[in-house]
Amino acid sequence: IPIQKVRKKASDSLDEIAANYNMMIIKLASVSITWVLNTMFEGVTVDKDGLNRVKSMSQKGPVILIPCHKSHIDYLILSYLLYHNNMPCPLVAAGKNLSFWPLGPLFRSGGAFFIRRTFRGAVLYSKVFAEYLYKLLEEGYNIEQFIEGGRSRTGKLLMPKLGLLSILLNALQEGASHDMIIVPIYIGYDQV
């Protein structure tokens with residue numbers, strides 16, 4: 001295959017994957033999410049001690065946030081809580097199915113990067129994706145990934161899908177960062 005064709009395919013894959021973080025969108029989303037939280041919920045309870053531990057650990061290297069995934073509000077509320085506690089919003093691994101207009105560009109601006117459900121038969125895409133994650137870790141970005149791979153429709157936790165985590169661990173082993181902090185997170189909507 002001619003090198004120009006390979007570069008074009010790699011560039012197209014990167015355009016399909018990459019986030020386009022925009023602070024103005026983050027600020028607008030913060031206002032919208034404040035309204036949603038005040039309208040839909042009676043409040044949010046946060047483990048402040050745990051959040052402070054994550055904040056101090058984030059000085060050592062990129063933080064990999066691994067929340068459970070019960071609702072589309074999960075990634076919104078987690079970014080919102082970090083933003084309002086003086087931490088950077090993470091880049092969020094999102095399924096490619098969410099990359100549709102008009103929400104895809106909005107999610108991308110809020111820090112979402114998109115991942116295909118399977119890499120089967122897409123060797124170049126797989127390599128581009130792994131290099132993208134390597135670069136994110138190298139530059140110190142925090143990453144949020146849902147280890148279940150998708151939302152739980154029953155409320156029970158799903159079996160973990162370890163593909164993205166293994167790519168992150170490979171990048172760490174290859175020297176993308178000197179350390180990586182993995183933070184399991186539970187987001188519950190139960191009324192106690």
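Is C89 buried or exposed? In this predicted model, C89 is buried. Its relative accessible area is 8%, and the cut-off for a buried residue is under 20%. C68 also counts as buried, because its relative accessibility is 6%.

The cysteines were then examined for bonding. A disulfide is a covalent bond between the sulfur atoms of two cysteines. To count as a disulfide here, two cysteine sulfur atoms must lie within 2.5 Å. By this rule, zero disulfides are found. C68 takes part in no disulfide, and the nearest cysteine sulfur, that of C89, is 19 Å away.

The packing of two helices was examined next. Helix 1 spans residues 3-17, and helix 6 spans residues 123-138. Their axes come within 9 Å and cross at roughly 55°. Helix 1 is therefore oblique to helix 6. The crossing of these two helices is right-handed.

Which residues make the contact? Helix 1 contributes V6, K9, A10, S13, L14, E16 and I17. Helix 6 contributes L124, Y125, V128, F129 and Y132. Sorted by class, the contact of helix 1 with helix 6 holds nine nonpolar residues, one polar residue and two charged residues.

Definitions and conventions:
Residues are numbered from 1 along each chain as its sequence is written. This is a predicted model: local features need pLDDT of at least 70, side-chain atom pairs count only at pLDDT 80 or more; totals for chains, interfaces and linings use all residues. Side-chain values use heavy atoms; hydrogens and water are left out. Buried means under 20% relative accessible area, exposed over 50%, partly exposed in between (1.4 Å probe, protein chains only). Axes are lines fitted to C-alpha atoms, for helices over the stretch in contact, and angles run from 0 to 180 degrees between N-to-C directions. Helices (H or I, at least four residues) and strands (E, at least two) are DSSP runs, numbered from the N terminus. Angles under 35 degrees count as roughly parallel, over 145 as roughly antiparallel, 65 to 115 as roughly perpendicular and the rest as oblique. A crossing is left-handed if the near helix is turned anticlockwise from the far one by less than a right angle, and right-handed if clockwise. Contact means heavy atoms within 4.5 Å. Ala, Val, Leu, Ile, Met, Phe, Trp, Tyr, Cys and Pro count as nonpolar, Asp, Glu, Lys and Arg as charged, and the others, Gly among them, as polar.
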